[in-house]
Amino acid sequence: MENLKYNQVWKNCLNIIKATGIVSKQQFETWFAPIKPISLEGATLTIEVGSDFVREEIEANYIDLLGSAIRREIGKDAKLVYKVRVVSGEKPMLLPQDSQIQVSNRSINPALDPSKPIQNTYVIPGIRKMDVDSQLNSSLNFDTFVEGDCNRLARAAGLSIVQNPGKSTFNPLFIYGGPGLGKTHLAQAIGVGVKDRMPDKLVLYVSASRFQTQFVDATMNKNQMNDFLLFYQRMDVLIIDDVQEFATKTGTQSAFFNIFNYLQNSGKQLVLTSDCAPVELKGLEERLLSRFKWGLTAELMAPSYDTRVAILKSKCFHEGVDLPEDIIDFLASKIKDNIRDLVGAYRCLIANSILAKKEITMDLADSVVKSLVSENNREITVNTIQNAVCSYFNIVPELLHSRSRKREIVQARQLAMYLSREMTNSSLSSIGSQIGGKDHATVLHAIKTVRDLMETDRGIRQYVNDLQKKICGE
């Protein structure tokens, strides 16, 4: 073939690759569209790729597809030589024929042809091992993550992912819940579990704020943006903590959207955590929110008394600590809504015992708890809030639970739902079931209505302020 035809040959190859349907549109645009044909000499096609990183990705995942397309256009003796844009020199690549990689080692002696550099056709070496620090804490594993009713679904999904990352229906796994309920621990446990079973898997845990910082750094140097995207697209398991921090950051959201799509299409696993469910996230693009709902959304709730006791006993077992049963019972009874505070109280007791050489007594435990939990911070439940609302508006609870559409009853009901969401760790479905047997959507509508009214209605703001003081006992 004449050298002038290389553009058409490459265009035909791209059309063949598209027609197979093997690669998605996103994969095609990422890996094939940026490639530039350089020349066609005999049966050897030379192309230019953007970096060694791109070359490695093509070698690892698409060489059979590319080889088939080029042989179809040029013939069975077709060879491919590529140039890396940022590296001088040429690196030729032998295409596998009939699924067999053939070796053909030949060199051109520069003394015989000084105009040409030494070229070696060699077996495709495959992708080079990437050295990635997974940012995982090995102590945050499933052995130290205590199961309870508050986390059973999320924990089971995590264990399923460890067995087969990217292949289960839990992709992405979206874990949400209030602060201190174990989201980071569970997310890390999944990563640790995958690395233990499959050491060669590329697993990365990163906070949303760190991802945002990296994105900003990449935008400051346009040459780094492609590397930033390609790095994340290479992960087998990507864990992003606190995705709510992407809110209003449109550039970061766009970058993560592309990474999400690529990993999802490539059968790679995503694990995301947030302080609220996808339907309640504010400031995120709808296209991103819809993808968060593709897999499984699992809520972590406040642990029961039995689970709190189990958490403390697990800590004692793994750390070789002998904590009296009455002290464990006291801590579990006093610190109810936050695992982080519970563990903090345990660690404070141990520190006092070891560093200050104090005996662990009930008085010491009481002192520690008081330093972490305010006396006024009594337990607030959905029932506490309902009673306060009924007392404030002088209505009976039966009316709050009724189907009445009277304006004052609807308003009281909506305020009770709003305050229950703001002041407790109860889920939307739990709030609805306790306030008149309403569904998730009704509670969500009530919360949005109250929030919107608070921006424009001084009376509603006063109601909320008064009720919060009443509920907290001020």
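Colleague: What kind of model is it, and what is the average pLDDT of the protein chain?
Modeller: It is a predicted model. The protein chain averages a pLDDT of 80, and 85% of the residues score at least 70.

Colleague: Over which residues is the pLDDT below 50?
Modeller: Residues 86–129. That stretch still has 79 contacts in the model beyond near neighbours in sequence.

Colleague: How many helices and strands in the protein chain?
Modeller: The secondary structure comes to 20 helices and nine strands. Of the 474 residues in the chain, 48% are buried. Take the contacts between residues at least 6 apart in sequence: 72% of them join residues at least 24 apart.

Colleague: On to the rings. How many aromatic pairs?
Modeller: The count comes to 17 aromatic pairs. One of them is Phe 28 with Phe 32, and that pair is stacked. Their centres are 6.0 Å apart, with 25° between the planes.

Colleague: Where do Phe 28 and Phe 32 lie?
Modeller: Both are in helix α2, residues 25–32. They are four residues apart, about one turn of the helix. An α-helix has 3.6 residues a turn, so residues three or four places apart point the same way.

Colleague: Is Phe 28 buried or exposed? And Phe 32?
Modeller: Phe 28 counts as buried because its relative accessibility is 7%, under the 20% cut-off. Phe 32 is buried too, at 0%.

Colleague: What about Phe 211 and Phe 256, stacked or edge-to-face?
Modeller: Edge-to-face. The centres are 5.8 Å apart and the planes are at 80°. This pair links distant parts of the chain. Phe 211 is in helix α7 (residues 208–220), Phe 256 is in helix α9 (residues 250–265), and 45 residues separate them. Both are buried.

Colleague: Which cluster do ring pairs link Phe 211 and Phe 256 into?
Modeller: A cluster that also holds Phe 174, Phe 215, Phe 228, Phe 231, Tyr 232, Phe 246, Phe 260, Phe 292 and Trp 294.

Colleague: And what sits over the ring of Phe 257?
Modeller: The charged end of Arg 287, 3.9 Å from the ring centre.

Colleague: Back to α7. Which of its residues are buried?
Modeller: Ala 208, Phe 211, Gln 212, Phe 215 and Ala 218. Seen down the axis of α7, these buried residues fall within an arc of 125°, so they line one face of the helix.

Colleague: What span should α7 have?
Modeller: Its 13 residues should span 18 Å at 1.5 Å a residue. The end C-alpha atoms are 19 Å apart, which agrees.

Colleague: Now α15. What does its buried set pack against?
Modeller: Against α16 (397–401), α17 (407–423), α18 (428–434) and α20 (458–472). The buried residues of α15 are Val 382, Ile 385, Gln 386, Ala 388, Val 389 and Cys 390. Helix α15 covers residues 382–393 and reaches 17 Å from its first C-alpha to its last, close to the 16 Å expected.

Colleague: What follows α15?
Modeller: Asn 394, with a positive phi near 55°.

Colleague: Why does Gln 135 count as partly exposed?
Modeller: Because its relative accessibility is 45%, between the 20% and 50% cut-offs. Asp 242 is partly exposed as well, with a relative accessible area of 24%.

Colleague: Is the peptide bond from Asn 171 to Pro 172 cis or trans?
Modeller: Cis, with omega near 5°. Pro 172 lies in the loop between α5 (152–163) and β5 (173–176).

Colleague: Last one. Where is Arg 234?
Modeller: In the loop between α8 (222–233) and β7. Arg 234 is buried, with a relative accessible area of 7%. Arg 234 and Ile 259 are 25 residues apart in sequence and 9.5 Å apart in space, C-alpha to C-alpha.

Key:
Residues numbered from 1 in each chain as written. Predicted model: local features only at pLDDT ≥ 70, side-chain atom pairs only at ≥ 80, totals over all residues. Heavy atoms only, no water. Phe/Tyr/Trp six-rings, centres within 6.5 Å; stacked < 30°, edge-to-face > 60°. Helix = DSSP H or I, 4+ residues; strand = E, 2+ residues; numbered from the N terminus. Buried < 20%, exposed > 50% of the residue type's maximum accessible area, 1.4 Å probe, protein only. Lys NZ or Arg CZ within 6 Å of the ring centre and 35° of its normal. pLDDT = per-residue confidence, 0-100. Contact = heavy atoms within 4.5 Å. Expected span 1.5 Å × (residues − 1). Arc of directions from axis to C-beta.
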